[in-house]
Structures are given as structure tokens and as C-alpha cells.
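The sequence and structure come first.

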Amino acid sequence: MARAVSSRARLGWSAVAWVIGLLIFFPILWTILTSFKTESEAIASPPSLVFFDWTLENYEVVQERSNYARFLWNSIVIAGGSTLLGVLIAVPAAWAMAFQPTRRTKDILLWMLSTKMLPAVGVLYPIYLICIRLGVLDSKIALVVILMLINLPIIVWMLYTYFREIPGEILEAARMDGASLRSEILYVLTPMAIPGIASTVLLNFILAWNEAFWTLNLTAVSAAPLTAFIASYSSPEGLFFAKLSAASTMAIAPILILGWFSQKQLVRGLTFGAVK
Amino acid sequence: MGQITLNQITKSFGETQVIPPLDLRIEEGEFVVFVGPSGCGKSTLLRLIAGLEDVSSGHIEIDGRDVTDVPPAQRGLAMVFQSYALYPHMSVRKNIAFPLRMAGMDEAEQKKRVERAATVLNLTDYLDRRPGQLSGGQRQRVAIGRAIVREPAAFLFDEPLSNLDAALRHGMRMEIGELHQSLATTMIYVTHDQVEAMTMADKIVVLRAGVIEQVGSPLELYREPRNLFVAGFIGSPTMNLLTGPEAKKHDATTIGVRPEHIEAGDPDASPWSGTVGISEHLGSDTFLHVHGTGLAETITVRADGEVPLRHGDRVGLTPHPDRIHRFDAKGLRIA
Amino acid sequence: MATKASASAARLMMAPAVTLLLGWMLVPLVMTLYFSFADYRPLRGAFEPWIGFENYERFVTSSSFWDAVTTTLTMVGGILVITVCFGILLALLLDKPIYGQGVVRILVIAPFFVMPTVSALVWKNMMMDPVNGILSHVWRFFGAAPHDWLVQTPTLSIILIVSWQWLPFATLILLTAIQSLDGEQLEAAEMDGAPPLKRFWFIILPHLSRAITIVILIQTIFLLSIFAEIFVTTQGSFGTRTLTYLVYQRVLESQNVGLGSAGGIIAVILANIVAIFLMRIVGKNLDA
């Protein structure tokens, strides 16, 4: 496809692409803009795009009134904890499957994947009941474990596909070069595996951050992360457009930035390596 | 330093035995080439010597020490892999120094050895680059550098040139040859390319299906191939093999004549004659593919570089009588 | 790599992951299965361990089940059609040489990273609100009467919201697939005299078929359990109650655990039918 494209055609395609891109992005853009408006400007008709009095007032109000920091902290702990725990458990498993494959490796991988396809409602009540019995309903630890479990198959799969790309000859070379198993892991494998592990952590952090079935159903007050915090705005009495926008912007901003780094891994992680 | 003995070793993967009991002795300082078609077990044999695969039975000795159960790292061997297997996250310097670092050598000595190797291999300007920034030939040199710094008892090469283009391959062949001359260390070299085997080896081991077909110097193999397989495998273009009445005349089932041992001449004054098909003009030589001789579908003949024969011309062929190889019904050489 | 020493270590390394997932899969599922054959209504203190297939019978014969199935199929189908069709178009567009390609890509992908509750709320209030929503402003601008999206066309509205969230996913996968197409193939087709539309139809589309299948299967699995978007917007009213939402209501809202569990098992079976096809494709890819 390396062919000179006339600059007019390029300009045309660019215009179309930008218009469509901005249309798709518009709800997010609009939310961000509205978060800097006063409540009255937020519902002004006709609405103004940028010519309004920019204010940070909403952020302050949301911050004070809703104890935003606690929800944020819960989100960080739940998403971060479940991802780290998942990676800790998945690294050895993926490692073994990639470097010591047996005839059953493929079956185990597919079976792991199949657990991911279990609809959550199918197990909603038992999990709810178990949480009550263990006294961990509305606790962060329960969500860390549950989100770790639902993302574990994806983590194992992603790591597996990354590890498989490390050529076996390199490990053999290290062995020939006199590396013990410890040095082989420390000096050769780990540095080569780190980019893959980092991508896996990133994508799964995002998935856990946005998870909105278990976080809504198993939390009330103390462990509620941002997903639940935002959902609380759906009741009409809490509805203020500008404040809702500020809250939403705060909830999605960190992830949009992380997401920008993880575009490539997204395809790979969510198609289980079937599309690269 | 560097004498290797294989004693009745076998290797099986599950039910299939890829190497039946095999004996081989590699002398100190020898350049030994394992050659054979793909799947003949030559790489497996190398990996058994390296210790990257366990032997199923038998013993391997290096300098009189039984290393059968010794892990690869402690066998004192260095290996150059087909894919070069360089560590992508390390600079060239660190790649070459890696085995020394693993051996716990002090920094100053490491640096000295790395720099010496780099000088020998023309890598001095590239020491701080990553493997990804090097060309194929340079990567190959780094892999060799990593092997020579640790002064191993023997070098193992697993088809090291197969990822290079033709011109580079020729250059690297010379370099490895030079290296062997200067280091005088045992080298075991695996290839499927008989030209590499012929040009580099002190001793060639021809393998087929895990079995050693013949061991000998390049010229021994060329002059006296022990069987039809070796006869067909060694030499380029390949030997002409004739069966039927012509072979009977020599009391053999099959006779073989190399293209360079057939004289092209007057069709009416030669024992064989035929029509020239394709002729390949290489400048120094011309390879004539002659049809319609009634002996075989095609007979290849090496003629003078400026021979005036063209497609469709009639040509007479005279084999050199001393250079006719005779084989019996089992394909074995008749002395 | 085949040395004896490390083979058993491998099993040990896999043990935690395998055990945890096995427990995660089996324990709750067995419990749900058990409840589905019981009359279990904790709020009324009713517990009758074995009532046979009564729950299944009641669940399947109730009109809400068939409504939920219809709604689920409409939603999943609608979202799939929109995301796949627009995904192909967008992927083709993004594959063109455009100025600021990186930025446009981010703009298109961004919705995928927005948490479901946020995107549902933003659409509900900022876009689709009959008074203050942007769409109402647009409608008014063209002189039309504003449309009360979530009341008048609730299912369509949810389809639009979820499509917006999943369009980036489809686009990204299809774009990856398009970029893996050998450019020489297209040039060969061009030399053979195929106009752009035919090139799309005979070369690009067949090349994309595998990626499209994967998009459809993976999205179906995720879409069958859409929850937050409904929870935040309509709470399952106005005919937007999907199977997932119905089970949720039976189990947690009305606390009829037996009935809900029967529904849960049915949802598991339905999801597994899709899953089998997906696993086949993934499994084949694993061999290659």
C-alpha cells in the first residue's frame, strides 16, 4: 500500500475522519466542558460550547459533598489489588504453560477462558450469600478477590501469548552461557517479559476499574468504588448537570489516559490472542 | 581440551526413536560438520552434546569426563544458535559479557576479554548498540563473540549461516574458518548445506534418519562415498547415477559418475551421446544437461566455461574410467 | 527444553490459578443449581429443598421471560449490527492516510474506556434528556419537537448507548485485521481490473470474516450480561428488561432465589451455546 496518495484525497479523508472522530468523542468532550460550567449555564438554551465563565466550583462541591476521595481510593484499591493479585497468580501459570507445554495445556487454557463466559447473574446469589456468611459484603477484600477471579483468565491468556513470543533459543543460550535457573529468570526472562506483564497489568486495571456488575451489587457504602458513586447520581434528586459532569470527568480521566497507552493490548487481550 | 566421545547414545521422543545407538569420537581441535537433509537428527545430536536434551541412553564424555548428567552450563561448551539468540534487552557489550558475568569473573577481566573479542570480530564500534540495531551478519558476529569469550572446550554451531544471504554466508564461512585456525578449538558445526560441509570441515559426519552414513574427510567422502546416499548428497551438481545395462557392464547395480568426470566431445567418437537441453553458463564452467542418452533422463556434465554448445546440439560424452563409482543392490559401494 | 527436572515444577506453578478458577466456577454454580430446584425465598423464611422443575416451569412460562428473551435478542442483535457495520466503515476510514491519525484513533477509541455507569448517565442526562439534552437542542434547532428518548424509545436508546461503548472495540479489532491484509493482494486485484467496491467485496470482506466472527462472538458474550446501562437508565422498565436484568430482579429485588436461580441456569446455558463457537475459533488459532 506504499503508494503516493494525492494530497487532496488525503485532505478529504482527513476531514471525514476528524468529523466522525469528534462526533464519537463528543459526549465525553461535552461532559468535560459542562463540568467547568455553572449549573445555570449547564442547562442554558441554546448551550454554549466554550464561551462561558469557566469555573472549578463543581469539582470543589463534588469533592466536599460526596467524599469523592473515598470512592476514588476504593476504586484504586479494588482495581489495583485485583490486578496485582491476579498477575501474581497468573505469572507462574502462564510461564509454565508457555515454556513447559504439555498435551493438556491447550485444554486448560480453553477451560480457563470458558469460566470467563459464565454469565454473572448465574452465580449472583451464591456469591452474595457467601459474602454475607463470610461477613465481607460491602468490603474491598471481597471485590478484590472477585474481580481478580473474573479477570484471571484474561490475565493468564495475555501473559501466555506474550511469554510464547520469547524464543526458546534465548533461554537455551542463557543455559549454555552458564546461567543458573535463578540468573536465567532474573537476567534474561524477566527483562524480556516485563513489557508484556506491564501491558497486561494496564489493561486489566482498566477492566477492573470499569467493572460495573459486582461493584454495584456487592457494595453499599464503605467499599463502593467510583462506578457505584456515579450510579448514585441517577436518582433525580441528586441531579445537577454540572456536578454530574465534574464527577464523571474525575471518574474517567485517569482511565482515558491509561487507555491511551493500552490501545494495542486491548485487541490482543480481549480477543484472547485470536487477533493480533 | 575438547575431545568428545559419544558412546552408544540414543534419543527417543515418546515412542519414536530419532537416534538409534550411535558412537562417535571427535578429536581435540577438529572441525567436525554434521550434515544431512532436514529431519536427519543432526540438530538433535548437537543438542544432546550441548545438554539441552537428555539422552535416552548411552554416555557422553568430554575430555574423559562423563557429562551425561551434567547440565549444559557446566559442560564447558559454547553454542551459536540459528536465530543467534541474542538477548534483545542487553547491549552488544553485555551480550558478549553475559557468560563471563555468569561465571563470576571480575569486571576488569570481563572488559578486557569483551574488547579483545570485539576487535577480532570487528564489533568495536557497535559495542553499545542493541541487537535490534544490527544487521544479520553483525548479529551473527555478536553470537560468535559471546561464544568465544568464555574460551570453551568446544564450540557448537547450529546452522548459524542459514539466516544470512548468499554473499554474507560466504564471508562468514571464511571468518569461521579463520577463527578455527587461530583458536584451534574443537568445533562442531551442523548444516544441511553440503557446500558448507565440504569447505569448512576437517571431518564430515553424514547423517540420515539418526544413523551415521559415513564419517570422513571431505575428500574421502568425495572420492569414496560409502553408499548411494552419500554419493548423491556430497558434490555439486550431484553425481549422475545410472542403472540398467550400462551398470551391468561394470558388474554393479548402479554406477555413479560426477559431472566433472565426464568429458564432452564428438558425438560419433564417444561411448555415450545425447542432445543438449539447458546449459548453465557460469563463466568458469558450463553445466550441460544432456537428454536422450538412453542411460538416464538427464546426465549433467561439467564442461569448459566457453564451450560453444547450445540447446539442441548433439554432444558425445566420455566418462573418466577411473572415476566410475560402483554400487551393489543394497546401495553399498563395491570396492 | 525437554529436560526432566522442570516438568513437575510446571504443574505446581499452574496449581493456584487452576484451583482458584475451578472453585470459582464450580462452587457458586453448584449452589445456583441447587437453589434452582428449591423453593427458596429468604424474606419470607421459605425454604423447601426439592420442588423439582417447578421453578424452571414457572420461569419459562411467565410472560416476563419471553419478553426478556425478546428484549435481550433485540438489544444484542441491534448492537451487533450497528457496531459491526459502522466498525467496518470506521476501520476502513482509519486505515486511510489521514492527518493526525493517532489523535483521531484516540477520539474513536475513547468511549470504550468510559465506565459503563458514567456513559449511561452522560447519555441519559447530557445527550438524551428531553429538555436539556444536546439531542433535544439539535431537534429544536431543526424545528422538530424534542424526543424523549428513554421514555418513547427506551430499547433503541439503550442500544445506542451500548453501541457507542462497543463501537471502538469492533473498530479496533477490524482495523487490526485490515492492516494485516497483504497490500499486494489489493494491488493484484487492481491490476486485474476490480473497482474499489468489488475489491472491498471480494478481497477485504472475506479477509475480515474471521475478525468479524470474533467480534460478534465476544461482544455477544459481554452483551448478554449488560447490566449497569439498564440499572442506571430505565431500571428495566418500559420493556428494557433483559434476561440478565430479570434474573437480577428475581434474585436480589424480590428475593425469590429459587426462581431467579432457575433463570440464572438458563442464562448460563444460553451463554454457553455462544461460548462453544468462540472457543472453537480460539482453539484453532492456538494450534496455528
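## Domains

Domain bounds here come from an automatic or database domain assignment. The model is predicted: local features need pLDDT of at least 70, side-chain atom pairs count only at pLDDT 80 or more, and totals for chains, interfaces and linings use all residues. Residues are numbered from 1 along each chain as its sequence is written, while chains are lettered from A and ligands numbered from 1 in the order in which they are written.

Chain B is divided into domain 1 (4-232) and domain 2 (237-327). Taken over C-alpha atoms, the centres of domain 1 and domain 2 of chain B are 38 Å apart. Their contact takes 5 residues from domain 1 of chain B and 7 residues from domain 2 of chain B; two residues are in contact if their C-beta atoms, placed from the backbone, lie within 7 Å. On the side of domain 1 of chain B that touches domain 2 of chain B there are 3 nonpolar, 2 polar and no charged residues. In these classes, Ala, Val, Leu, Ile, Met, Phe, Trp, Tyr, Cys and Pro count as nonpolar, Asp, Glu, Lys and Arg as charged, and the others, Gly among them, as polar.

For chain A the assignment gives domain 1 (7-59) and domain 2 (67-270), with 32 Å between their centres, taken over C-alpha atoms. Here 11 residues of domain 1 of chain A are in contact with 8 residues of domain 2 of chain A. Three helices, α1 (7-34), α2 (39-42) and α3 (57-66) of chain A, each supply at least two residues of the side of domain 1 that touches domain 2. Helices (H or I, at least four residues) and strands (E, at least two) are DSSP runs, numbered from the N terminus. The largest share of that side, 3 residues, comes from α1(A). By class, the side has 4 nonpolar, 5 polar and 2 charged residues.

## Contact of chains C and A

Between these chains, 83 residues of chain C and 87 residues of chain A take part in the contact. Helix α1 (residues 7-36) of chain C gives the most to the side of chain C that touches chain A, with 16 residues. That side of chain C divides into 67 nonpolar, 15 polar and 1 charged residues.

## A sheet in chain B

An open sheet of 5 strands runs in the order β13-β17-β14-β15-β16 (chain B), with antiparallel pairing; two strands pair if DSSP finds at least two bridges between them. Its edge strands, β13 (262-265) and β16 (298-304) of chain B, each pair on one side only.

Within the sheet, β14 (residues 272-281) and β17 (residues 314-319) of chain B pair in the antiparallel sense over 4 bridges. B:W272 has B:L317, in β17(B), as its bridge partner.

## Two sites in chain C

C:A262 lies in helix α13 (residues 257-287) of chain C. C:A262 is buried because 28 other C-beta atoms lie within 10 Å. The cut-offs are 20 or more other C-beta atoms within 10 Å for buried, 12 or fewer for exposed, and in between for partly exposed, with C-beta atoms placed from the backbone. Not counting residues up to four places away in sequence, C:A262 touches C:S36, C:N55, C:Y56 and C:F59. C:S36 is 226 residues from C:A262 along the chain, yet their C-alpha atoms are separated by 4.4 Å.

Helix α5 (residues 116-127) of chain C is mostly covered, with 12 of its 12 residues buried. Among them are C:P116, C:W123 and C:K124.
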